Amino acid sequence: MSESNENGATVVETHTEDNQKKGQENDSQKESTIASRTRRTRSSQGSEETEASVQAKDIALRDIAFIRTRLEKEKADGELTKELHNLLFNNHGSKNLRRKNVLSFTGLKKGETPQEPEEFKKKLEALDANFFEQLVEIVGVEGKDRDEKVAALVSFFEAPKDLGKQVPPPVINSPKKRGRKRASDASEADGKEGEQKEEGGEEGENEKMEDKNEKKEENGHSKADEEEHAHKKQKQEEGKEEEEKKEEEDKHEE
């Protein structure tokens with residue numbers, strides 16, 4: 001009995017040790033699984049943070065359709081483009097690179113001419129009202145007064161981002177307006193032709209009157225010439241008659 005009891009105890013102890021080993025193995029497997037999951041979670045979070053930071057760094061003004069469309073309408077040598085380049089880079093830049101530099105802007109503290117937000121704020125506050133409002137319109141920020149607009153501009157240019165402003169659709173003239181315009185052009189043309197005809201009629205009448213007056217004058221001159229010629233002829237004839245009478249009287253006296 002004692003042997004059997006001893007054997008039974010030995011068997012029980014062996015099973016207990018095996019169960020403990022299996023439990024330890026399971027615990028280690030669980031710990032390794034949890035650790036690997038934790039590493040994967042951290043790595044995925046890190047990659048997401050890295051992607052987000054890269055995307056934030058890569059946003060330039062040209063990546064924002066609302067701003068790009070507005071700036072592309074401005075001339076490279078225009079006052080607005082020059083002043084905007086001076087505001088962002090502390091110089092007016094060259095004509096060939098001015099627009100490209102402005103569209104490539106990615107933030108105040110980046111690039112070859114970094115600026116502190118406080119310095120940039122002072123520059124905004126010193127801008128004249130006309131250029132300041134143009135800048136607000138181009139960026140699309142909002143504010144109740146100038147101070148709020150200045151703060152919004154500083155925040156935007158510190159790290160540009162799309163504010164969700166929609167690009168306005170291009171203005172297209174409707175066919176009706178064109179038809180009306182053509183009709184108005186046609187009526188204007190008819191009016192001009194009528195005026196020309198009236199002017200031409202008046203001119204024609206004036207020319208006719210002038211011709212008549214000239215003819216009358218010519219006729220008057222011709223009549224006067226005829227009368228003068230007839231008068232001279234009559235005098236010549238009278239002179240001849242007198243000469244003939246004198247000759248006859250002379251003959252009778254002889």
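**Salt bridges in a predicted model**

At 31% relative accessibility, K165 counts as partly exposed, a class that lies between buried (under 20% relative accessible area) and exposed (over 50%), with a 1.4 Å probe and protein chains only. This is a predicted model, in which local features need pLDDT of at least 70 and side-chain atom pairs count only at pLDDT 80 or more, while totals for chains, interfaces and linings use all residues. Residues are numbered from 1 along each chain as its sequence is written, and side-chain values use heavy atoms, with hydrogens and water left out.

**The pair E142 and K165**

- K165 forms a salt bridge with E142, and the closest N and O atoms of the two are 2.9 Å apart; the term stands for a side-chain nitrogen of Lys or Arg within 4 Å of a carboxyl oxygen of Asp or Glu.
- This pair links distant parts of the chain, 23 residues apart, since E142 sits in the loop between α6 and α7 (146-158) and K165 in the loop between α7 and α8 (175-253).
- E142 is exposed, with a relative accessible area of 61%.

- Because R70 lies in helix α2 (residues 65-72) and E137 in helix α6 (residues 129-139), the pair ties together parts that are 67 residues apart in sequence; helices here are DSSP runs (H or I, at least four residues), numbered from the N terminus.
- E137 counts as partly exposed, at 48% relative accessibility.

**The total**

- By the salt-bridge rule, the count comes to six.

How values were computed. Helices (H or I, at least four residues) and strands (E, at least two) are DSSP runs, numbered from the N terminus.
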